[in-house]
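Hi,

Here is the structure I promised to pass on. Have a look at it first, and then read my notes below.

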Amino acid sequence: PSEVRHWMVCPTFWRDSRNWVPRADRWTPHALVGTAIHAGIAARLRGQDDHAALQATHAALSDGFVEQETWSLLSLSKLVEKGYCALRDAIQERWGDFLHPLYIEQWGTSLHPVEKPTSHSRAQRHRVIDLARWQDISQSALEVWDWKTKINLDEMYLGEALRSVTHSWQLLDYAWHVQQWAGARVVLAGHGLVVLGPGKPKVHWPTVQLTPERLTQWRAQAAIVWQQMWWQETGEEPTGMNFEACSDRHLHFGKECLFVAGCHQLCGNQTLYSSLYKERNT
């Protein structure tokens, strides 16, 4: 789902972001904070106590932390603890002893509809489900939940963040796959959105009701999108550019596209990219 999001923003951004990173890229902890909270909540939902769950958050944080001058490991540890406690308490308040989990941090794969398993290294498309739970003890319907974290989210942008759940590709992807794996209907999906600031941490629960028709519609669209991505990845179709996305900060987490210079100054000439970018994993 994350690769699909990049492709939907701009196919060229998707291609370049898989191969290059800016030379002056500055590390930020936003994704890592969410990963650490995920780790702690997963441990807690699997029956471990707070001590073990907090150890899991600190281990995940330490593994991904990069030394720099802006953020200290100690300050991030305190922030992650607050986020973990807020989400833990919100889960308890929402479901109490009636969580009825089916999957917790469940890894799963699917094959690209036009690929054979041995045809390409990316044939297995990985996804991890934070929580899939039975709605009630009868086990007739499922809900899919994904934990999200914002270090800081101004009140004026909260409504937009909550509404985005209605068209979240990730949630629709997860819901469709859980339905296939479990052989039971998924009728609701949502985010457990942890907002760490400003002020005290808060948890919001935006949801979207799902029907078989809605998931069938998503699957039809997914087949089209995945096929176009595959054609572009294998060179069977040229990779297009979405010029509207170049300076739309809303699409790039408050910044303009990282590859504006590569596209518009170097005219997309990959042989010149090393002057501005470095290859991933090198």
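**What I found**

The accessible surface of the protein comes to about 15,400 Å², and carbon and sulfur atoms account for 52% of that. Bear in mind that this is a predicted model, so everything here is computed from it.

On overall shape: the C-alpha atoms fill a box of roughly 60 × 50 × 40 Å along the principal axes. The radius of gyration is 20 Å, which agrees with a compact globule, because 282 residues packed that way would give a value near 19 Å. Of those 282 residues, 43% are buried.

As for the fold, you'll count nine helices and eight strands. If you take the contacts between residues at least 6 apart in sequence, 67% of them join residues at least 24 apart.

The one packing detail I'd like to show you is where helix 1 (residues 2-9) meets helix 8 (residues 212-233). Their axes come within 11 Å and cross at roughly 80 degrees. Angles from 65 to 115 degrees count as roughly perpendicular, so helix 1 is roughly perpendicular to helix 8.

Which residues make the contact? From helix 1 there are Glu3, Val4, Trp7 and Met8, and they meet Val225, Trp226, Gln228, Met229 and Gln232 of helix 8. Sorted by class, the contact has six nonpolar residues, two polar ones and one charged.

Cheers

Definitions and conventions
Residues are numbered from 1 along each chain as its sequence is written. This is a predicted model: local features need pLDDT of at least 70, side-chain atom pairs count only at pLDDT 80 or more; totals for chains, interfaces and linings use all residues. Side-chain values use heavy atoms; hydrogens and water are left out. Axes are lines fitted to C-alpha atoms, for helices over the stretch in contact, and angles run from 0 to 180 degrees between N-to-C directions. Helices (H or I, at least four residues) and strands (E, at least two) are DSSP runs, numbered from the N terminus. Angles under 35 degrees count as roughly parallel, over 145 as roughly antiparallel, 65 to 115 as roughly perpendicular and the rest as oblique. Contact means heavy atoms within 4.5 Å. Ala, Val, Leu, Ile, Met, Phe, Trp, Tyr, Cys and Pro count as nonpolar, Asp, Glu, Lys and Arg as charged, and the others, Gly among them, as polar. The radius of gyration is taken over C-alpha atoms; the globule rule is 2.2 Å times the number of residues to the power 0.38. Buried means under 20% relative accessible area, exposed over 50%, partly exposed in between (1.4 Å probe, protein chains only). Accessible areas come from the Shrake-Rupley method with a 1.4 Å probe; for residues, only the protein chains shown count as cover.
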